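Here is a brief report on helix packing and core contacts. Please look over the sequence and the model first.

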Amino acid sequence: MLYEAILLGLIAGIGILDSRLFGVLMLERPLVLGALVGLVLGDFKTGIIIGAQLELIWMGIAGIGSSTPPDVVTGGVLGTAFAIISGKGPEVALALAVPIAVLAQSLGVLVRVINTYFVHKADHYAQKADFKKVTLMMWIPISLFFLSVFVPTFLAILFGADKVTYLINSVPKVILEGMTIAGNLLPAIGFALLMDMLFSKKMAVFFFIGFLAASYLELDVMAIALMGVCLAILLNFFIDNNDAGKKKDESNNLTEGEINFE
């Protein structure tokens, strides 16, 4: 299990560095992390399924200003790993990933507080034109972010897999069923968070069109998405034509006295 623990720790470390070092490559998203965890643990299909479920939960989570969102990287990796190792499926991942992410959030806050010291030290060395130490002060925070997810993931997989499996097997059936019901509700919460940021009165009609297409026409997501693309193209075409017509009418109505030559 040492080999898997190291690989999963590296996957979590790469995920947390995605937006901090590599640019935004979407490596931190649960859909990508779940697939990588499934690949390491030999169950690629389950990894993708669990990653997609977790993506629905955390789709609308974002760090705004000084707020620190739940650690979706640690929660996604460990939740997917424990679900695959235990063989209990997505419901266990949904039940474990959220509390793990919230718990790891506290560690992320601690790392951010510590990193403020190195930021001030970098300013101090920059005033002295000591650029080697400035570079060092930039790499230390990145290393701390990496260790903040690598170490917990490595230790949890190395020492906690058997215990977690035993714990899950000893949980009464009624509790597992309750976690399954709660897990099925979590994607709705994720969509609600996303809609809270994006929803507007002008765009509400398109949401209900998609809802009606899915509920009454029984269209799948791909069909609704393609229909939305066609509708967007049509609307853009008519809006452009209307704007062009207005500009043409305005130019035809101009008289010599109304033209501003300045």
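Helices here are DSSP runs of H or I with at least four residues, numbered from the N terminus. The model is predicted.

Lysine 133 sits in helix H6. Alanine 223 belongs to helix H9, which covers residues 221–252. Alanine 223 has a relative accessible area of 29%, so this residue is partly exposed as well. Each site has a partner elsewhere in the chain, as tabulated here.

| Pair | Separation in sequence | C-alpha to C-alpha distance |
|---|---|---|
| Lysine 133 and lysine 121 | twelve residues | 8.8 Å |
| Alanine 223 and alanine 213 | ten residues | 9.3 Å |

**Helix H1**

H1 runs over residues 2–16, 15 residues in total. From first C-alpha to last it reaches 21 Å, close to the 21 Å expected at 1.5 Å a residue. Which residues of H1 are buried? They are Ala5, Leu8, Gly9, Ile11, Ala12, Gly13, Gly15 and Ile16.

**The cores**

In soluble globular proteins, nonpolar side chains tend to be buried together. The largest nonpolar core in this model has 33 residues. Leu8, Leu54, Trp58, Val77 and Ile157 have the most contacts inside this core. At least two of its residues come from each of H1, H2 (30–41), H3 (44–58), H4 (72–86), H5 (90–127) and H6 (131–170). H4 gives the most, with eight residues.

Take Ile157 as an example. Leaving aside residues up to four places away in sequence, isoleucine 157 touches Met1, Ala5, Leu8, Leu78, Ala81 and Phe82. Another core, of five residues, lies apart from the largest one. Its members include Phe118, Ala122, Tyr125 and Met137.

**H2 against H4**

Two packed helices are described by the angle between their axes and the distance between the axes. What are these values for H2 and H4? The axes come within 9 Å and cross at roughly 40°. The crossing is right-handed.

On the H2 side, the contact involves Leu33, Gly34, Val37, Gly38 and Leu41. On the H4 side, the residues are Val73, Val77, Thr80, Ala81, Ile84 and Ile85. By class, this contact has eight nonpolar, three polar and no charged residues.

Notes: Residues numbered from 1 in each chain as written. Predicted model: local features only at pLDDT ≥ 70, side-chain atom pairs only at ≥ 80, totals over all residues. Heavy atoms only, no water. Expected span 1.5 Å × (residues − 1). Buried < 20%, exposed > 50% of the residue type's maximum accessible area, 1.4 Å probe, protein only. Core = buried A, V, L, I, M, F, W, Y, C linked by side-chain atoms within 4.5 Å. Contact = heavy atoms within 4.5 Å. Axes fitted to C-alpha atoms, helices over the stretch in contact; angles between N-to-C directions. Left-handed = near helix turned anticlockwise from the far one by under 90°. Nonpolar A, V, L, I, M, F, W, Y, C, P; charged D, E, K, R; others polar.
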